[in-house]
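Subject: Structure handover

Hi,

Here is the structure you will be working with. Please open it and keep it beside you while you read the notes below.

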Amino acid sequence: MARVDQTVSAAQDQEIRVKLVITDAKGRVSEREMLMLQKGGDRRMVKFLAPPEHKGIAFLSLPGGLTYVYLPAYRQSRRIASHVRNQKFAGTDFTYEDMEARRYSGEWEAKLLGEENGRYRLELTPKAGTVTDYGRLLVEVTTDSFYPVRIEFFDKGNQLRKVMVQEKLEKIGAYWVAREAEMKDLQAGTSSKMYFLEVKFDQGLADEFFTERYLAR
Amino acid sequence: MTKLTVLIFRKRYLVIGLVILVTLFFGLSLRKLKINPDVLSYFPKKDPAVQLFTALGEEYGGNALAMIVLISEDVFNQATIATVHELTARFQLDPGVSTVTSLTNTVDIKTDEYGFEIGRLINAASLPTEGELAELKPYVLGKEMFRGALVAADASAALIICRLQNSTDQVATCRRLKTIVEEVGPAEKVYYGGLPFLILDLADLIGADLKILIPLVSLVIILFLAFAFQSWEGVFLPLLAVGISLLWTLGLMSLLGIPLSIVSNVIPVVLVAVGSAYSIHVVSKFMEVGAGREQHSRAPADLAGTLSEVGTPVLLSALTTMAGFLSFIFGSYLVMIREFGIFTAVGVLFALLIALTLVPVLLTLRKKQSNRTDRRSVRGRNRERSIAVRFIDLLERLVLMRPKTVAGVGIFLALLGLAGIPQLSRRVDLIEYFQPDAGIRQAEAVLADKFGGSGLIQILVKGDLQDPEVLREMEKLEGFLLAQEDIHQTQSVVSLLKELNKAMGEGRVLPDTREKVINLWFLLEGEEIMGQLVNSDRTEAVIQARMASSLEAKRVYQLVTAIDDYIAGVDAELVIFRQTGMPLIYRNLDRSIIQSQFQSLILAVVLVFLAMLYLLGSLTGALIGLIPIGFTLVVLFGFMGFSRIPLDIATVLVAGVSIGIGIDYSIHFLGRYRQEMAKQPSRQAAVQTTLHTSGQAILINVLTVALGFLVLVFSQLVPLQRFGVLVAVTMLSSGFGALLLLPAILLLAGGRLNLRPQGAEETRRTAGRAGGAFKAEKGGIIKNERRGMNGKTESIARFLPGRTVPPGLARSSPGRERTDGGGNHGAG
């Protein structure tokens, strides 16, 4: 799992333009676009670009669980508590927990179940003290790049709740990245798919991008 | 008919074989019979309120709220909060549960000087310490989102609300929820309330009811039959017939996939009480014929003749009873009442069929009765007759000596009844189904006391929910709802938006611009609670209001009508509100109960009138025949008024059922009276004879049916208890109407009433010529019976009128066979 962590969060910083397609239980589709800036494992800025009514809304996560939100209509930013990991992120099927820069090895106990079609099958159970909504994860990792391509999320009653699939693996520069990631909520019948439109790594993003002041810009 | 009956006796074994086959067939399918206590499933799909209710349930995560209340001195202690958390977490995992809301997972918007937090009121990952709880308590009780919604205002109770999936078996889900609570084993006292738990309890009660009531009503009938017939076949055959017809009816329901409802579970009791009568008449007729002849002819033709004689009146009686039940098909709002009407009528038809085929076949298969049995039965009969006869004597004296007093008492009772009618109340809510000490009633009382009740009013909002104007209209409507006396709690997205606006530093009011609203919507996106409050396009929302679930129908009516009136006054260009929820559906049910009461009454009265007209051929006679029915109805509704028994889904059936059964009394009495008028010298004599023949039969019938239905008092379901009491009351009052009031009026009306049949002169002459012996015998019976020392009668059928009519005489009058037999079959 340590190798997976390495693969997924290898870059120093990244700038990604993401298109988000949300499908509700009735099959109705809505789209969003956002810019994600990330530096290190714990500083992240998300800014919505589209649709027009959400343009300008921005989130900033800083070390120590500090999160700020900026609402353009109020011209104000407010700190919001981020300890609530099991809440859905911006109406998607990804929770804040899912969206976090994942470091599995520290919080999860992994067990190799087998190898098949160029993928390792791993079972992850939370280590003592890990705060999570999930009881168990089944992860498939590519054998060559150690990229997680499929994760099945089981709740604490051991029922399969969500499935995430990461597709279109690409090597950009020195890093592997999945161009598409889809999360399906099996109970709600909804799904959210992220398309990583532009991915830039290691541009040396300045620290000032990750400040409350920059939120309003 | 004769051809058919001959065939029945020719092919005895075929009849027996067929009945066994059909019974096996239905008996095997019986295993699939289900109980469906879910009242909602019986509401008509075409009612817009029901449609909207279903649509909202599917759209917004189910509208069946299972409510679990934990009682504690102060719920803000670690143990109770831990229990609430554990239960919440475990309920959430149940596949039948859509969402769970409780103190430990509810969304909260906390504001402080730095910012705000949209999160959980209590962080489930690290439950608060006692110290933190002490701080939390005033915070929670200060917020209207929680106070009285998830925690009682005095902190003495915590509420966990489970929204159940609309499409799943909610009874099974509720059972699992209870099991979870038992496994967790909380120290707090737990109450289970809300519609799903109520329906679960109903399901259990229906099952328990069937196990108690069927044996009980059977026992009552067995005792009565044993008393009346003093022979094994007299007890066994009617019971067998009823058992078979019951099996067929339930088997048919099961085959058609129609489950037993909270109304149709009474079918077995009704069938045993009503359906046994037909076999009783057949048995008594054959016993009487068999006993009357030394060498009883076993030739199919002779047997068929006997069967035809008794068959016609039994048929007529069954048909009127069926018509009474079928009257529920028309205009009944609840599908389950229609089903009850249809399948009780079908059951009556089956009972009739068995009574006219299997019963006579079995009767004539066995050898002649032993002398010992005969003697015993005679002894028993004498004893019984003396009671019955003494009672009839009393009635006769009353009618003959004091007709004015009788009529006066009748008028007094009718006036008393009329005075009680304005006090008639109506109840439509299901909580009324339970005994006062039932757990669910206590739970509902706790819910009403601490959480404003479990009744759910839902209002669909259609409009642009990003428009502050629309939101303000919602706010106003909620204000209006809260101003109503019985509504204590509302929930909508308005309070969340106000909280967030405050968090953004603009105070606890709705945002003033569209842009702000849109920003706030974004923040709330993905919150689980949003799925219960608003659609994803922001074009529809739901306002929910909780109210006490056990209000009287009138109050519910006022409330929902007031809300509808308010809604009608809102600018429809801006926003459209539509009301639904159980209270509105209850109002529609209430309206329909009144409507179907009228319809089934009118239908029944028209039916009585037509039957009378056909039987008597006289308009005046037919109108007089309506008197006992009218009297019964006035007494029934007056009794309900005075005894505070409300009209509800079960008691609304009483009028129809009583008329369907009670109609026979008037028919038999007048039919016999008219016939006697052709033979007797005076009105008094005719009344006397009628009382001692048809009258006795009616008396016995009244008592059996009344006793049979009184068994329902032992039901666990309150409306069924009331149903039983009311049918018993109406049986007694229609008995009074037919046995006292009717003859008194006939006597008082004097010569103005001409009920002599056409061709009466001829009939009398025929009677004089061919039936001298008959007349003498008749007089003898009356005398002897009055002295209570007639020793030469041979069977129970002695009480039953018409058996002494020579065949020749029977054919001389067109109405003879019918009226005669009519009296006969009344004896059941």
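Helices here are DSSP runs of H or I with at least four residues, strands are runs of E with at least two, and both are numbered from the N terminus.

Before going on, note that this is a predicted model: local features need pLDDT of at least 70, side-chain atom pairs count only at pLDDT 80 or more, and totals for chains, interfaces and linings use all residues. Residues are numbered from 1 along each chain as its sequence is written, and chains are lettered from A and ligands numbered from 1 in the order in which they are written.

Back to the helices. The axes of α17(B) and α18(B), the latter spanning residues 514–524, come within 10 Å and cross at roughly 105 degrees. Axes are lines fitted to C-alpha atoms, for helices over the stretch in contact, and angles run from 0 to 180 degrees between N-to-C directions. Which residues of α17(B) meet α18(B)? They are Leu496(B), Leu497(B), Leu500(B) and Asn501(B). On α18(B), they meet Val517(B), Leu520(B), Leu523(B) and Leu524(B). By class, this contact has 7 nonpolar, 1 polar and no charged residues. Ala, Val, Leu, Ile, Met, Phe, Trp, Tyr, Cys and Pro count as nonpolar, Asp, Glu, Lys and Arg as charged, and the others, Gly among them, as polar. Contact itself means that two C-beta atoms, placed from the backbone, lie within 7 Å.

Buried means 20 or more other C-beta atoms within 10 Å of a residue's own, exposed means 12 or fewer, and partly exposed lies in between, with C-beta atoms placed from the backbone. Lys498(B) and Glu499(B) are among the buried residues of α17(B). Just after this helix, Gly505(B) takes a positive phi of about 95 degrees.

Chain B has 29 helices and 10 strands. Of its 828 residues, 54% count as buried. Among its contacts between residues at least 6 apart in sequence, 81% join residues at least 24 apart.

The largest nonpolar core has 285 residues. Such a core is a set of buried Ala, Val, Leu, Ile, Met, Phe, Trp, Tyr and Cys residues joined through C-beta atoms within 7 Å. Ala66(B), Val69(B), Ala351(B), Ala355(B) and Leu636(B) touch the most other members. Helix α25 of chain B (residues 718–749) gives the largest share of this core, 18 residues. Look at Val69(B) next. Beyond its neighbours within four places in sequence, its contacts include Ala157(B), Leu159(B), Tyr191(B) and Leu447(B).

Now find the open sheet of 4 strands in chain B, with the order β8-β9-β7-β10 and antiparallel pairing. β8 (487–491) and β10 (575–581) stand at the edges with a single partner strand each, so one side of each has no neighbour in the sheet. On average, neighbouring strands are turned by 25 degrees against each other, direction ignored. β7(B), residues 455–463, pairs with β10(B) over 7 bridges; strands pair if DSSP finds at least two bridges between them. One bridge there joins Lys462(B) to Ile576(B). Helix α3(B), residues 48–59, packs on the sheet and touches β7, β9 (540–547) and β10 of chain B. Its direction makes about 95 degrees with that of β10(B).

Chain A comes to 4 helices and 13 strands. Buried residues make up 29% of its 217 residues.

β10(A) and β11(A) form one with 5 residues between them, and Asn158(A) in the turn has a positive phi of about 60 degrees. Here Arg150(A) has Val165(A) as its bridge partner. β11(A) and β12(A) form another with 2 residues between them, and Gly173(A) in that turn has a positive phi of about 65 degrees. β11(A) and β12(A) run antiparallel, joined by 10 bridges.

How many residues does each chain give to the contact between A and B? Chain A gives 27 and chain B gives 23. On the side of chain A, β6(A) gives the most, with 5 residues. That side has 12 nonpolar, 8 polar and 7 charged residues.

Best wishes
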